[in-house]
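Hi there,

Here is the structure I promised to pass on to you. Please open it beside this message.

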Amino acid sequence: MSDCLNQAIVFPFEVLRYESHFTYRISDDECHFISFSYAFTQISSGLIIAGLTTDQHMSLIMGRQLDTMVGNRRIYVFALFAMWAVAAFVSSIHLIFGESEIFYPGSWCFINVSSEDFGSSASALVYSLTGILTLIYTVSLHLYIMCRSHRDAELTGHLVDTDRITGYYDIHVNIFLMTSVTFYVLCWGPFLVDILLRSVNVVSSCTGRLELWLVRLVDFKSNLNPWLYVILRKENLRRIVRKFRSCRAGNIQDGEGENDRLVSDTHM
């Protein structure tokens, strides 16, 4: 939902900029709105992935007891709103103490990382550190879950559904999280590192084409995420696995039939 919201809010301003042959200029209010929306949707998506990984870790430890806890649904709803609240706070600091900046080629806005103003630098530092620490936490916890479940076969049963796919446990949640975490690190990580380096003045050059390519990488992740949710759904994975196994079984049967014909021809 966060990725769709990002595209729905930011994309119209980009279209206006390009359709006007770069004559349309984003106003200050629009720039503040775009910068907050961009920051909020990206950080909230990262926190949600971290929350899903945490839930998987709790499932690894507690097993089926987690599903039977009293008020389980309320806990998930509260956690979701808490993550949105944290994301909104981190994404709005620059609106109070800092500034928003129109980035090249004038089609998007974000926290002003080029200014020497303390508020803007502090806002960029808090945002980048929050994102980087979220990625580090998610990756570390996911690797721990994979190693722990691989070493202990009994714990592996806590991470799978009770339903089976033609004799194998359904591990669609593991596949989805592994894929999502990988794309988040590859697509969002470079942008966060660039913001961090600029906030501490390690990189002092003016923003330009590099930030444009980095934010396009972030947009690619936002466009890809809904497809990951669709393709890696449990029902779709079941169809893919069954189709693969039926094709494989058909090839084996064709090979056996061909061998039988060769044997019969040899005897003749």
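Below are some notes on aromatic rings and on one helix.

This is a predicted model, in which local features need pLDDT of at least 70, side-chain atom pairs count only at pLDDT 80 or more, and totals for chains, interfaces and linings use all residues. Residues are numbered from 1 along each chain as its sequence is written, and side-chain values use heavy atoms, with hydrogens and water left out.

Let's start with the rings. A search of the whole structure finds eight aromatic pairs (rings of Phe, Tyr and Trp, the last by its six-membered ring, with centres within 6.5 Å; planes under 30 degrees apart are stacked, over 60 edge-to-face, the rest tilted). F103 and W108 are stacked, because their ring centres are 4.5 Å apart and their planes are at 20°. F103 is buried at 2% relative accessibility (buried means under 20% relative accessible area, with a 1.4 Å probe and protein chains only), and W108 is buried at 1%. Ring pairs join Y38, F103 and W108 into a cluster.

F110 and Y127 make an edge-to-face pair, 5.3 Å centre to centre with 75° between the planes. F110 lies in strand β2 (residues 108-111) and Y127 in helix α4 (residues 118-151), so this pair ties together parts 17 residues apart in sequence. (Helices, H or I of at least four residues, and strands, E of at least two, are DSSP runs numbered from the N terminus.) Both F110 and Y127 are buried.

Now look at helix α7, residues 209-231, which has 23 residues. Its buried residues include L212, V215 and D219.

Happy exploring!

Definitions and conventions
Expected span 1.5 Å × (residues − 1). Buried < 20%, exposed > 50% of the residue type's maximum accessible area, 1.4 Å probe, protein only.
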